[in-house]
Amino acid sequence: MFDDFFIRALIAGLGIALVTGPLGCFVVWRRLSYFGDTLAHSALLGVTLAYSFELNIALSVFIISSLIALILIQLQKKTNLPGDALLGLLAHSSLAVGLVVIGFLTFIRFDIMGLLFGDILAVTTDDLIIIWTGGALILLVLKLIWKPLFASTVNYELAEAEGLNPDRAKAIFTILMAAVIAISIKMVGLLLITGMLIIPAAMARNISDSPQKMVIFSIIGGLLSVVLGLYSSLEFNTSSGPSIIAASLILFILSLFKIKQSIKLKN
Amino acid sequence: MSSENSTLVKLNNAGFKQNDKWLVEGVSLTVEKGKIVTLIGPNGSGKSTTAKIALGIYKNIEGSVEKYTNKVGYVPQKISIDWTLPLRVYDFMLLTENIKDEAIDEALTLTGVIHLKNKNLGNLSGGEFQRVLIARAISKKPELLVLDEPVQGVDYTGEIALYELIKRISDTLNCGILLISHDLHTVMTATDHVVCLNGHVCCSGSPMDVAKNNEYKTLFGEQASQILSVYEHKHDHVHSDKGEIKKN
């Protein structure tokens, strides 16, 4: 009934949604969507590196994204430029450098569209192993740093004063962001990964009154988006990334009705 | 009992500089178990900064801080919470430590806000939120409580009740309290040690000692000095209408 590639894509997508759900909540809470974008754009450089030296794509994307995050932290300390300017600088220059490098790699045929917007045909069995073991590892680490990360998201000084070491949690979270981008780039594409992080979480915010609920709804929203998106991608022959994101947008719009209802109830 | 064992936090000549400007310098003080140390001083005198030095929030400080406990409860003066977070009072109580439900209920009852347990934090009034902050700090049964203007925005009767609660907590939990307050009246009845700040320690000692201090008088005025001494006196003697002292 299904072609083999579709099952693979589905399993990969569901694995990604399980991870982007909780991580996306922190991206929304901590206002990190542009930070996510920057890491994702720099991923192109990681991909070109992988092709040039025949490395694993996820691994080289992870390394380059972590490096960009480190450079960002250093620039924030050393310059007086505002955070969003630095993010824009890094995002677009790393994207540009990546595209220039691709121009030089004439001996390899690139599917640029696939890189930017995701390609369900590209998911191999190896990718599934990377997504599910990598994803499990990311979730495990997130669970370990949950308390300090969440507390410092609410209030940094409270977390610091009561001995939770928020700086360490923040640094680890940055690495987790790089990791989630690395495992989802093939599927969602580097221009749309941030959407996968933010839109289900934003949808969940509309219908939750506690952080735990928001995480759970965000995961459910992500899973639904993957299933709906991939089926329509198969049906209409569209790229997988945009289809998944469009599906999550529909869920977000539906969640707005819930807000309207609860406002009505209050009045 | 040696003083070493009962010391919770000790500042040795501590100071903090931001953008080449000293926020506070040369502060030495010790908070011991079961004792209340109060910081007083005008606006911008470095009270909150001193508290943050004691808590270890400020890292690059002059002098040194010795902290002998990790069980700390903190009520900050200013707290900005981002409302992109769906957060109920209940979730907030569990913020830095997993506390049993009974302990949460007990603390919220003590501060008079148990009915708000499942309310969203963003919907509370200033005074209600302040009570939740205090409840959160005491519910984890800390060894050291740092309270920075803990009753701001609380109604007058509530203010007195909360100060009584703070005193009671210091007795029952035998925890040390570092208190910042501008309200000389209410604070002085309970305080063991007063540190008067004005960018540096201008004087310190028992409320009585501080009240007599000339620097304190110039900082706060003669009126304030009388407030302190009245509280110190009131239990062992009364004043006759001519101002002479009558023994009880």
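Let's start in chain B: six strands form an open sheet with mixed pairing, in the order β5-β6-β7-β3-β8-β9. This is a predicted model, where local features need pLDDT of at least 70, side-chain atom pairs count only at pLDDT 80 or more, and totals for chains, interfaces and linings use all residues. Residues are numbered from 1 along each chain as its sequence is written, while chains are lettered from A and ligands numbered from 1 in the order in which they are written.

**The sheet in chain B**

- Strands are DSSP runs of E with at least two residues, and helices are runs of H or I with at least four, numbered from the N terminus.
- Two strands pair if DSSP finds at least two bridges between them.
- The edges are β5 (72-75) and β9 (201-205) of chain B, each pairing on one side only.
- β5(B) runs parallel to β6 (residues 144-148) of chain B, and four bridges join them.
- Look for V75(B), which sits opposite L147(B) in β6(B).

**The helix pair in chain A**

- Helix α1 (residues 4-29) of chain A packs against helix α10 (residues 211-236) of chain A at about 150 degrees, with axes 8 Å apart.
- That makes α1(A) roughly antiparallel to α10(A) (the label for angles over 145 degrees).
- Axes here are lines fitted to C-alpha atoms, for helices over the stretch in contact, and angles run from 0 to 180 degrees between N-to-C directions.
- Contact means C-beta atoms, placed from the backbone, within 7 Å.
- Among the contact residues are F6(A) and L10(A) of α1(A), and M214(A) and L234(A) of α10(A).

How values were computed:
Angles under 35 degrees count as roughly parallel, over 145 as roughly antiparallel, 65 to 115 as roughly perpendicular and the rest as oblique. Two residues are in contact if their C-beta atoms, placed from the backbone, lie within 7 Å.
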